[in-house]
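Here is a short report on one protein. Look at the sequence and the model first, then read on.

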Amino acid sequence: MKKLIATVVTGAMLSAFATLASAEESTFPEVCKSNMAMDMGADHSKMMQDMMTEEHQKAGMTGMMQMDKNMMQGMLHKDADVAFICGMIAHHQGAIDMSNVELKYGKNDWSKETAKKVIAAQTKEIADMTAWLKDNAK
């Protein structure tokens, strides 16, 4: 069991470099995207997805990999303030994606209510940060 957990954790870390197209990517501000290739771990991504047996695992991992890709792209911006905001937008979108997985697959009322609160708060913060980028990113 420990070996399986170590394999999953290692694979998840490596899969952070995977490129996955998703609806969430379209909400990531263009100014935050990098031209650098971010597809260094596609094989690891496939391996991780093959190991997952539950739908919530697959949905959650897809969102996490997209978040990691966008965070890394955002952090490559030359302006430190813009890099921070871009990274945070991706991070907040990851929280929304995780919350949507909870709403779809979760069964606990408290957890589902928490997911709804996270979505509301993070959506507002993403809107604020996106507006800041429009005024400040060069």
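## Terms and ground rules

Buried means under 20% relative accessible area, exposed means over 50%, and partly exposed lies in between (1.4 Å probe, protein chains only). K117 has 57% relative accessibility, so K117 counts as exposed.

This is a predicted model, in which local features need pLDDT of at least 70, side-chain atom pairs count only at pLDDT 80 or more, and totals for chains, interfaces and linings use all residues. Residues are numbered from 1 along each chain as its sequence is written, and side-chain values use heavy atoms, with hydrogens and water left out.

## Overall layout

The protein has 5 helices and 0 strands. Helices (H or I, at least four residues) and strands (E, at least two) are DSSP runs, numbered from the N terminus. Along the sequence, the pattern reads α-α-α-α-α.

How much of the protein is buried? Buried residues make up 33% of its 138 residues. Contact means heavy atoms within 4.5 Å. Take the contacts with a separation of 6 or more: residues 24 or more positions apart account for 69% of them.

## How α3 and α4 pack

Helix α3 covers residues 55-75, and its axis lies 8 Å from that of α4. The two pack at an angle of about 175°. That makes α3 roughly antiparallel to α4. Axes are lines fitted to C-alpha atoms, for helices over the stretch in contact, and angles run from 0 to 180 degrees between N-to-C directions. Angles under 35 degrees count as roughly parallel, over 145 as roughly antiparallel, 65 to 115 as roughly perpendicular, and the rest as oblique.

On the α3 side they include A59, G60, G63 and M64. On the α4 side they include A90, G94, D97 and M98. D97 is found in helix α4, which spans residues 80-105. Is D97 buried or exposed? D97 is buried, with a relative accessible area of 9%. The C-alpha atoms of D97 and A59 are separated by 8.8 Å, although the two are 38 residues apart along the chain.

## How α4 and α5 pack

The axes of α4 and α5 come within 8 Å and cross at roughly 155°. The two helices are therefore roughly antiparallel to each other. Their crossing is left-handed. A crossing is left-handed if the near helix is turned anticlockwise from the far one by less than a right angle, and right-handed if clockwise.

Residue pairs show the packing. I96 touches I119, Q122, T123 and I126, not counting residues up to four places away in sequence. K117 lies in helix α5. N136 and D81 are 55 residues apart in sequence and 9.0 Å apart in space, C-alpha to C-alpha.

## The nonpolar core

In soluble globular proteins, nonpolar side chains tend to be buried together. A nonpolar core is a set of buried Ala, Val, Leu, Ile, Met, Phe, Trp, Tyr and Cys residues joined through side-chain atoms within 4.5 Å. The largest one here has 12 residues, among them F28, I85, I96, I119 and M129. α4 and α5 each supply at least two of its residues. Which helix gives the most to this core? α4 does, with 6 residues.

I85 lies in helix α4. I85 is buried, with a relative accessible area of 12%. Leaving aside neighbours within four places in sequence, I85 is in contact with M129, W132 and L133. I85 and M129 are 44 residues apart in sequence, but 6.4 Å apart in space, C-alpha to C-alpha.

## The salt bridge

Side chains of opposite charge can pair when their charged atoms come close. A salt bridge is a side-chain nitrogen of Lys or Arg within 4 Å of a carboxyl oxygen of Asp or Glu. How many salt bridges does the structure hold? The structure holds 1.

K124 forms a salt bridge with D128, and the closest N and O atoms are 2.7 Å apart. Both residues lie in helix α5 (residues 109-136). They sit 4 residues apart, about one turn of the helix. K124 counts as exposed, at 52% relative accessibility. D128 counts as partly exposed, at 41%.
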